[in-house]
Amino acid sequence: GFATFFYQEGGTGSCGVKNSDSTLLVAVQQDRMESSLCGKKVEIENTANGKTVQAIVQDTCPGCANANSLDLSVAAFDAIGDEATGVLDIKWKFLD
């Protein structure tokens, strides 16, 4: 899949929680997202450099390319890649 990033801008995610840009979180593609995923941990790997980050599902991503794509908080994206890249090739899995 692919990873993009977003800024919180003081908004509340679809899981009903307000987070800061420094929170490691993820938004799941809208066709896959359901309330039971809220709070689940996800491990995301940037396939280009092998870096990984663990983040928590807190939102829905209507613009994600497909069900294997995620939108990451700035902090989560920065942990595995460079914002200047814009989009990262990733693989990911649920941890719990």
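Which residues have the most contacts inside the largest nonpolar core?

## The main core

They are Ile44, Leu70, Leu72 and Ile90, in a core of 19 residues. A nonpolar core here is a set of buried Ala, Val, Leu, Ile, Met, Phe, Trp, Tyr and Cys residues joined through side-chain atoms within 4.5 Å. At least two core residues come from each of strand 2 (25–29), strand 3 (41–46), strand 4 (52–61), strand 5 (70–73), helix 1 (74–80) and strand 6 (88–94). Helices (H or I, at least four residues) and strands (E, at least two) are DSSP runs, numbered from the N terminus. Another core, of 5 residues, lies apart from this one and includes Phe6 and Cys61.

## About the model

This is a predicted model: local features need pLDDT of at least 70, side-chain atom pairs count only at pLDDT 80 or more, and totals for chains, interfaces and linings use all residues. Residues are numbered from 1 along each chain as its sequence is written, and side-chain values use heavy atoms, with hydrogens and water left out.

## An aromatic cluster

Phe5, Tyr7 and Phe77 make up one aromatic cluster. Rings of Phe, Tyr and Trp (its six-membered ring) pair if their centres lie within 6.5 Å; planes under 30 degrees apart count as stacked, over 60 as edge-to-face and the rest as tilted. Phe5 and Tyr7 are edge-to-face, because their planes stand at 80°, with ring centres 6.1 Å apart. Phe5 and Phe77 are tilted, with centres 4.8 Å apart and planes at 50°. This second pair links strand 1 (residues 2–6) to helix 1, 72 residues apart.

Phe77 is buried at 0% relative accessibility, while Phe5 is partly exposed at 23%. Buried means under 20% relative accessible area, exposed over 50%, and partly exposed in between (1.4 Å probe, protein chains only).
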